[in-house]
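Have the model open while you read.

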Amino acid sequence: MSQSSSSKDFRAVELGEDNVQRIPPATGGDEDAAARDAWKESQEKVPAVTPPPPNPNVDQYVRRKFFVTRPGALDQAVEDLKSQALVKQKEVLQSFWLLTEIDHWNNEKERIVLITDQSLLICKYDFIMLCSVQIQQVPLNYVDRICLGNFTFPPKSLDKREGEGLRIYWDKLREPSFVSRWNPWSSDVPFTTFTEHPMKNCSEKFATICQLDLFTAQLVQAVQNAHSKNPVPGRANGALVLNQPILIETYTGWMAFIGNRNKLGYSLARGSVGF
């Protein structure tokens, strides 16, 4: 089949018979007028073709897969964390956020982050069982550097990510050890990295509590207040706020590639599994 004939066949399949432009036959005299009238009558009988309506359930389906977006789930989580962490420590909650934590191996993890008058609480919460799994507490007066910028990777890294992130350091005198850097399950690193949650655009509420710029502004203010009220002896008061690229030292990244593509770090409805 020639190239021209194959392109014509493709157009016929794509447009369909009803959408093909019909041209009236050209004849002469009375026969021409009769043919035109017959063509007009045939055109009036052809129903108008309208484009299919948009499917409103597409975004709804994706949103409902995340348990955090279900009614009352986030409010319940915040109340649980307040009763577990804040009442015992006698701290005052200033704001809460829904973010994605990125570990030193580029793995994404869903986190609720609480900013109090004294601490930064990084909380792993199970939105399926509605229970707290882990809470990491970082004193705000120990935070010494806050970096906001785009993610960067080594030149030969196989698994890279786009976008902007925020990295918080709380011990500038200690660098991660070789074992900690190359252990994907190590928590002995003096920093944490955040980016925006995938559901940041699902509603006005989530657009606010998932926004990285607002979180950064609140965090900087809270850190400055904590340093002025309770300075750490032997350390320069205040924290540096920098705009610079955020380096994630991963090279192969197969574990992060599989986990992030399948959203394994989120409380997600994954459907039934069976045979």
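1. First, is Leu-130 buried, partly exposed or exposed? Leu-130 is partly exposed, at a relative accessible area of 40% (buried is under 20%, exposed over 50%, partly exposed in between, with a 1.4 Å probe and protein chains only). Leu-130 sits in the loop between E3 and E4, and its phi is positive, about 55 degrees, although it is not a glycine.

2. Some ground rules: this is a predicted model, where local features need pLDDT of at least 70, side-chain atom pairs count only at pLDDT 80 or more, and totals for chains, interfaces and linings use all residues. Residues are numbered from 1 along each chain as its sequence is written, and side-chain values use heavy atoms, with hydrogens and water left out.

3. Lys-263, in the segment after H8, also isn't a glycine, yet has a positive phi of about 55 degrees. Lys-263 is partly exposed, with 26% relative accessibility.

4. The largest pocket holds about 830 Å³ of space (a pocket is an open set of points on a 1 Å grid over the protein atoms alone, where a 1.4 Å probe fits, with protein on both sides within 12 Å along at least five of seven lines; lining residues have an atom within 4 Å of a point). Its lining has 33 residues, with Glu-101, Asp-103, Lys-109, Arg-111 and Gln-134 nearest the centre. E3 gives the largest share, five residues.

5. The second largest pocket has about 460 Å³ of space. Of its 22 lining residues, Arg-167, Pro-176, Phe-191, Leu-247 and Glu-249 lie nearest the centre.

Conventions: Points joined across faces, edges and corners; volume = space filled by probe spheres on them. Helix = DSSP H or I, 4+ residues; strand = E, 2+ residues; numbered from the N terminus.
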